[in-house]
Amino acid sequence: MLHCLLRRGCSPLLCLCLWTLLLPLVSLHQLDQHGRRSHSVRERPKLLLVSFDGFRCDYIDRVPTPNFNILIREGVMVEHVENAYITKTLPNHYSLVTGLYAETHGIVANEMYDPALNRSFSMETDSIYDSRWWEEAVPLWVTVQKAGGRSGAAMWPGSDVKIHGMFPNKYLPYNASVSFESRVERVIEWFSAPKEEAVDFGVLYWEEPDESGHKYGPQSSFMDRVIVEIDEKLGFLINELKKAGLYEKVNLIVTSDHGMTQLFADNIIELDEYVERDLYTWVDKSPVVGILPKEGKLDEVYNKLVDANPNMMVYKKEEIPEHFHYRHNVRIMPIIIEAKEGWTIVQNRSGPFMLGNHGYDNTLHSMQPVFVARGPAFRQNYVTTSMHSVDLYPLMCHILSIPPRPNNGSLLNVKDLLYPEPTAPAPTIPPRVQEYSYAPVVGSFLGVVMVLGFLVVYIRQVTLRQLPSLKHRSREMSQPLLQEDLHL
Ligand SMILES: [Zn+2]
């Protein structure tokens, strides 16, 4: 532009003044494109992760589930999700939000003993609020907040525990009596809040169909009604998202921690038949039992159990199959007993008996959870065959545009679920620190000074030309300009 003005015969001084005046405007335009210091900040990616506890992958095939079908048609489905061993609630919910196997994130079971802490943990007691159990890993809501984003959690396991000094920005303390609908309403509020208060990442947990699956067994016709009710709850969530204007903005992932398999009253293994109780402490429950032998009794207990019953596998810790990723943690007991599918391990038959259970080998079809997702990041009407549940973590970090922490998952395994990368860089969650630029102010100031300078020179020139007494000086001053005109 400057060159163009010069060619049109404008004086260099005038051009410089114009350019200086325009400079701040150019700077502002560039800042807009970067979306940080301007008013046109790009919308942050939004993500809501929902878990229906114990929702087995094939439940959606046994009864009509129109709301799941909507998400599949408008989004994606993964047919086989291999979750983390052991296929219990707490280990798998923590794997979903850390991308780590249980041996690495440290929540290795629903019932644990840590010899280093000399503490016991049970999901039935307040021991779950002891941060030390959870701090071998960093859940995604903490990572989102450290990256400058905001998160909200409705009853997700572990989300009401202070982990690495943080709670989610918004969360509900665990209370099983709070209805699904109330949880949804709170989540919608958090996503709908004014821009600086709105959450970017939400997690929502519901206890069913796990409770009914344990009670009736997955083969029971009672489960048909339970699955229909879950589908209706999903429909409620979809409608609330639509009513709030969030349905097209929020990436919605609906999954679960594990499946469920049928138990049979005759398929009971009683450990009292094989080993005396005073030789060991019973740490974790069926179907993967953690055995802590009394001091010096490891080999004795192991030898009594290893060939005792063909319907259970007995492993010393170092013998646990590599593919389970379930060895390297002090909270994994020195002996693990895994029941075959459909079998229950007890000390004797005095306890209550369930008709459904999970926790078995994570490669079993019955242990696999449902997985559907929909939203601006996801492809539409796309079904793929398999993923690992630990792959979800890098996928979620990618959607939220935050760097993932080291994890056991692979974004490459699941990237086909997403629309191809845009050519422009993905929006990042900017720090909430307000940034200021002095460039426009300085530029404007310089511009004004230059214009004033130009006006002073111009007025003096005009005045000198018009005053006869100043003719001589006027000639001297105009001489260089005349020479320049000749050259042109
Ligand atoms: Zn569960």
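## A tour from the sheet to the core

Select strands β1 (residues 46–52) and β8 (residues 250–255): they run parallel, joined by six bridges. Strands here are DSSP E runs of at least two residues, helices are H or I runs of at least four, and both are numbered from the N terminus. Two strands pair if DSSP finds at least two bridges between them. Residues are numbered from 1 along each chain as its sequence is written. The model is predicted: local features need pLDDT of at least 70, side-chain atom pairs count only at pLDDT 80 or more, and totals for chains, interfaces and linings use all residues.

Zoom in on Leu 48. Its bridge partner in β8 is Leu 252.

Contact means C-beta atoms, placed from the backbone, within 7 Å.

Next, select helix α11 (residues 392–400). Eight of its nine residues are buried, so the helix is largely enclosed by the rest of the structure. Buried means 20 or more other C-beta atoms within 10 Å of the residue's own, with C-beta atoms placed from the backbone. Among the buried residues are Tyr 393, Met 396 and Leu 400. The buried residues of α11 pack against β1, α4 (89–98), α6 (140–146), β7, β8 and α12 (411–414). Step just past α11 to Ser 401, where phi is positive, about 55 degrees.

Which residues have the most contacts inside the largest nonpolar core? They are Val 372 and Met 396, in a core of 109 residues. Such a core is a set of buried Ala, Val, Leu, Ile, Met, Phe, Trp, Tyr and Cys residues joined through C-beta atoms within 7 Å. Center on Val 372. Leaving out residues up to four places away in sequence, Val 372 touches Phe 68, Leu 71, Ile 72, Gly 75, Val 76, Met 77 and Val 254.

Finish at β11 (residues 280–284) and β12 (residues 288–293), antiparallel strands joined by four bridges. A hairpin of three residues connects β11 to β12. Tyr 280 has Pro 293 as its bridge partner in β12.

Definitions and conventions:
Buried ≥ 20, exposed ≤ 12 C-beta atoms within 10 Å, placed from the backbone. Contact = placed C-beta atoms within 7 Å.
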